[in-house]
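I opened this notebook to record what I looked up in the structure, entry by entry.

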Amino acid sequence: MNKLTSRQRAYLKSKAHHLEPVVLIGKNKVAEGTLSSIDKALKARELIKIKFREYKDEKIALAQYIQDELQAEIVGIVGHTLILFKQHPDQEKQIYPLN
């Protein structure tokens, strides 16, 4: 995926404002099951929030790891919440078109 422009990032942040976190990072850090849950949520919604309950000091490194593993884009980190985006490959199923 191409890097998001600042305009696209601002658009996605505005759309994510009212979303609730769908995945919580807790004691198990980012395990295989966590990555699977995040991937499923991204395929269904494209834009999600992930809340860090634990490992708050490592959130930037963990966010980068999640981004690399799932080929997603970090929209931003607000407090202890990560906003993540992965556009659906099928143009007809895209919720947030970025053209």
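This is a predicted model: local features need pLDDT of at least 70, side-chain atom pairs count only at pLDDT 80 or more; totals for chains, interfaces and linings use all residues.

I first noted how elements are named: helices (H or I, at least four residues) and strands (E, at least two) are DSSP runs, numbered from the N terminus. Residues are numbered from 1 along each chain as its sequence is written, and side-chain values use heavy atoms, with hydrogens and water left out.Loops came next. I found Lys29 in the loop between β1 and α2, where Lys29 has a positive phi of about 55° although it is not a glycine. Lys29 is partly exposed, with a relative accessible area of 30% (buried means under 20%, exposed over 50%, partly exposed in between, with a 1.4 Å probe and protein chains only).

I then turned to the core. A nonpolar core is a set of buried Ala, Val, Leu, Ile, Met, Phe, Trp, Tyr and Cys residues joined through side-chain atoms within 4.5 Å. The largest one has 18 residues, and Ile38, Leu42 and Ile48 are among those with the most contacts inside it. Two or more residues come from each of β1 (23–25), α2 (32–45), β2 (47–52), α3 (59–70) and β4 (81–85).

Last, I looked at β3 (residues 73–78), which pairs with β4 in the antiparallel sense over five bridges (strands pair if DSSP finds at least two bridges between them).
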